[in-house]
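Here is a short briefing on one protein structure. Take a look at the sequence and the model before reading on.

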Amino acid sequence: MTEEKKHPLVSCSPFFVLVVLLCVAVWVGWKIAAPMLRDVHDPEATPRLVAARGTLAEDEQATIELFKNASPSVVNITTSRIARDRYQLRPLEVPQGTGSGIVWDARGYILTNFHVIQSADRATVRFDNQKEYEARLVGYAADYDMAVLKIEAPGEELHAVPVGTSADLQVGQKTFAIGNPFGLDHTLSTGVISGLHREITSPSGLPISDVIQTDAAINPGNSGGPLLDSAGRLIGMNTAIASPTHSSAGIGFAVPVDTINLVVPGLIRKGNTDHDRRPVLGIRAAAPPIAKSLGVEGVVIEIVEPGSGAESAGMRSLAYDDKNRPIADVITAVGGVRVKKIDQIWEIMGEHKAGDVVPVEVLRDGKTMHMDVKLSDAN
């Protein structure tokens, strides 16, 4: 008995399968491309309706008002130096850099950083209304990175910044920095006080103490501009950033206004410069909170420099007992003048020269001691 050969119900040739697949591909491609082939323009298009804004938040209004009030007190400082054309021996004015400045008073005194004008032969001051004035150097204190310029401008141009205090600042307070970063006139940045009692190095190599740390963006060109509190008062002068790229990294520093208010009047009176270097006692001061923890008013000595007049007079460096309590000598008066901060000692040093012997009162273990200290040159 023979078996019958079975045939498939449907026979598909390879050609037929290829045609079907091609049709499917064309259909899918059309579905994808069809929307793209339609006209995407709408001749009836009109602007969208503007959503109602409402009033600005209270803190926004306060910031706007602060900037409006403070801007006339901030200036742009452009510096240049004079060079000689080696072929024609003509003097050429070469741009040096830009920075910021603060209108100190209505007589035309302008405060800025020493490093802003350090290598300059000429400085121009420009206000927020774009009016420019030539500036003359009054004096500088490289030890504090401060300089004072003078311009001859009408009184209506000179809006002195309100001066605050820095001794009572607290971490977390709002800060407002105004300056000219990268040459961009009157730029506002905001932040908070990130730290207090910091120490940075001045252009002369000596430390500047009690410096304010802020996270308000401070960039090249902000130097010499004001750091303000929420009342619009000057609490510091922006002077440095801590960044390997020299651009803002959230850590900026400002010289405290209490120091500024001690140094600037002396510069205006006498024009102190580095040719009139201040002598030193030979001590490094501890941070002010240590004096507060001891319940005393004065300058706590942290380090007595070896070979200094302070060491010869018998002053001691800061130490701690077995319960980690500070044992310290505290300077309470220098030359008959009561002192509470190291900046006051620096101010007194400006009245003396190396080799002078100055009476110093030191509080030790609750008793006042009188020491005569021979001043020496700053290293």
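The model is predicted. Strand E9 spans residues 207–214. Strand E9 is mostly covered, with 7 of its 8 residues buried. Strands E8 and E12 each pair with E9 and run antiparallel to it.

**Strand E9 and E8**

- Strand E8 covers residues 187–201.
- E8 and E9 are joined by 5 bridges.
- Ile 193 stands opposite Thr 214 in E9.
- The two strands, E8 and E9, form a hairpin with 5 residues between them.
- Gly 205 sits in the turn of this hairpin and has a positive phi of about 95°.

**Strand E9 and E12**

- Strand E12 covers residues 252–256.
- Between E9 and E12 there are 3 bridges.
- Here Gln 213 stands opposite Phe 253 in E12.

**The nonpolar cores**

- In soluble globular proteins, nonpolar side chains tend to be buried together.
- In this model, the largest nonpolar core has 50 residues.
- Met 146, Met 315 and Ile 331 have the most contacts inside this core.
- Helix H4 (residues 257–270) gives the largest share of the core, 6 residues.
- A second, separate core has 19 residues, including Ile 77, Ile 110, Ile 117 and Ala 153.

**Around Met 315**

- What does Met 315 touch, leaving aside neighbours within four places in sequence?
- Its contacts include Ile 283, Ile 301, Val 304, Ala 310 and Ile 331.
- Asp 329 and Arg 364 are also among the residues in contact with Met 315.

Methods:
Residues are numbered from 1 along each chain as its sequence is written. This is a predicted model: local features need pLDDT of at least 70, side-chain atom pairs count only at pLDDT 80 or more; totals for chains, interfaces and linings use all residues. Side-chain values use heavy atoms; hydrogens and water are left out. Buried means under 20% relative accessible area, exposed over 50%, partly exposed in between (1.4 Å probe, protein chains only). Helices (H or I, at least four residues) and strands (E, at least two) are DSSP runs, numbered from the N terminus. Two strands pair if DSSP finds at least two bridges between them. A nonpolar core is a set of buried Ala, Val, Leu, Ile, Met, Phe, Trp, Tyr and Cys residues joined through side-chain atoms within 4.5 Å. Contact means heavy atoms within 4.5 Å.
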